[in-house]
Amino acid sequence: MNDAVKALRAWWRAPRWLVLSLVLDVLFFVVYGFVTSPIKDKILEHVVVIGSLMSQAAQESGSRAVQSGQSIVAMLLTRQEIAPYVRQVLVLFVMLAIAGFVTFVLFQAALWWVAHRRVGPTLPLPDFIARFASLTLWWGVLAAAYHLLSLLVDIRLAVVKTLSSTPPTDALGVVIMVLAVIAAVFALWTYGRPLNESGWRGAVEGVRWTARHWRTTLPATVFVALVFVAINYAIIGLSSQSSSAALIVGGVLAVPALSWARVYLVLRGNHVD
């Protein structure tokens with residue numbers, strides 16, 4: 001709890017840095033949405049067409065053809081009427097990954113650099129961005145795999161739903177989501193601890209460090225999560241009365257909370273070391 005208070009004081013004593021952090025956070029969400037939304041919309045259009053074509057193909061070949069992930073992949077790759085859309089989705093997905101990676105690195109590296117500066121000396125900004133980018137590249141590979149698997153699961157569920165009267169189970173989707181959350185936690189602590197290594201070695205060391213110091217990282221992660229859950233419930237409660245009030249309160253609480261959380265994680269990471 002002491003570090004939580006110190007994180008608040010770090011911003012209270014440096015209002016200019018706080019304003020910079022808030023502006024960068026808002027700009028990140030605006031720019032990220034502006035850059036990625038058109039690509040996501042195009043992917044969604046193709047996915048709808050793929051789902052429709054696969055439902056037709058499944059009805060022709062029987063429901064057993066879609067009971068496994070292997071059958072879904074086979075249909076995606078071998079059906080002549082589906083394959084062109086799959087190729088377009090893959091191209092768009094690569095474009096989305098590149099656009100998302102560049103936007104994420106430019107803004108989040110600057111935001112984490114500011115957080116580290118509020119705690120103590122750190123690398124010069126260009127060096128910090130380079131090291132941050134090399135770490136994010138490996139976490140980005142996992143993120144891309146997660147989104148591809150989620151897309152495959154969603155397509156399979158949509159096809160199975162058209163062939164069965166009972167709702168299909170989404171156990172695989174839940175497992176993938178849990179693994180994604182765990183990976184995100186490790187990534188956050190990789191950014192929060194001192195960036196002494198880069199690339200694959202830095203990512204692996206970040207995972208080891210987070211697991212080795214779980215008595216510190218786990219309670220801190222839960223604490224930060226509870227803060228954002230409380231903010232989320234506050235926004236939901238207000239939205240039933242006034243959507244504009246919920247939007248304003250959400251911005252007033254959530255955006256500063258992001259700045260606070262980064263400094264708090266950096267403080268915890270530095271205290272462990």
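Predicted model: local features only at pLDDT ≥ 70, side-chain atom pairs only at ≥ 80, totals over all residues.
# An all-helical chain: contacts, cores and salt bridges

His 46 is found in helix H2, and at 10% relative accessibility it counts as buried.

Let me now turn to the overall architecture. The chain has 9 helices and 0 strands. Read from the N terminus, its elements run α-α-α-α-α-α-α-α-α. Of the 273 residues in the chain, 35% count as buried. The chain exposes about 15,400 Å², and carbon and sulfur atoms supply 69% of that area. As for contacts between residues at least 6 apart in sequence, 76% of them join residues at least 24 apart.

Which residues have the most contacts inside the largest nonpolar core? They are Trp 112, Phe 132, Trp 260, Val 263 and Tyr 264, in a core of 30 residues. At least two residues of this core come from each of H1, helix H4 (83-119), helix H5 (125-163), helix H6 (171-192), helix H7 (199-212), helix H8 (214-239) and H9. H9 gives the largest share of this core, with 7 residues. Val 263 shows what such a position looks like in detail. Leaving aside neighbours within four places in sequence, Val 263 is in contact with Ala 7, Ala 10, Trp 11, Ala 115, Arg 118 and Val 119. There is also a second, separate core of 13 residues, which includes Ile 50, Leu 53, Met 54 and Ile 155.

I come now to one helix pair. In general, two packed helices are described by the angle between their axes and the distance between the axes. For H4 and H6, the packing angle is about 55 degrees, and the axes are 10 Å apart. That angle makes H4 oblique to H6. Where the two helices meet, Phe 104, Trp 112 and His 116 in H4 face Leu 188, Tyr 191 and Gly 192 in H6. Trp 112 is also one of the residues with the most contacts inside the largest nonpolar core.

Beyond H6, I would draw attention to a loop residue. Ser 198 has its place in the loop between H6 and H7, and at 36% relative accessibility it counts as partly exposed. Which residues does Ser 198 touch, not counting residues up to four places away in sequence? They are Arg 131, Ser 134 and Leu 135. For Leu 135, 63 residues apart from Ser 198 along the chain, the C-alpha atoms of the two residues are separated by 5.7 Å.

Finally, the charged pairs. How many salt bridges does the structure hold? There are 4, and I shall discuss some of them.

Asp 3 forms a salt bridge with Arg 268, in which the closest N and O atoms are 2.6 Å apart. Asp 3 lies in helix H1 (residues 2-12) and Arg 268 in helix H9 (residues 243-272), so this pair ties together parts that are 265 residues apart in sequence. Are the two partners buried or partly exposed? Asp 3, at 3% relative accessibility, counts as buried, whereas Arg 268, at 23%, counts as partly exposed.

Another salt bridge joins Arg 262 to Asp 25, with 2.5 Å between the closest N and O atoms. Since Arg 262 lies in helix H9 and Asp 25 in helix H2 (residues 15-61), the pair ties together parts that are 237 residues apart in sequence. Arg 262 is buried, as is Asp 25.

A further salt bridge lies within a helix. Lys 42 pairs with Glu 45, the closest N and O atoms being 3.6 Å apart. These two residues are 3 residues apart in helix H2 and are therefore separated by about one helical turn. Lys 42 counts as partly exposed at 39% relative accessibility, and Glu 45 is partly exposed with a relative accessible area of 45%.

To close, I return to H9. Through Arg 268 it is tied to Asp 3 in H1, and through Arg 262 to Asp 25 in H2.

Conventions
Residues numbered from 1 in each chain as written. Heavy atoms only, no water. Salt bridge = Lys/Arg side-chain N within 4 Å of Asp/Glu carboxyl O. Helix = DSSP H or I, 4+ residues; strand = E, 2+ residues; numbered from the N terminus. Buried < 20%, exposed > 50% of the residue type's maximum accessible area, 1.4 Å probe, protein only. Contact = heavy atoms within 4.5 Å. Areas by Shrake-Rupley, 256 points an atom, 1.4 Å probe, with all protein chains shown as cover. Core = buried A, V, L, I, M, F, W, Y, C linked by side-chain atoms within 4.5 Å. Axes fitted to C-alpha atoms, helices over the stretch in contact; angles between N-to-C directions. Parallel < 35°, antiparallel > 145°, perpendicular 65-115°, else oblique.
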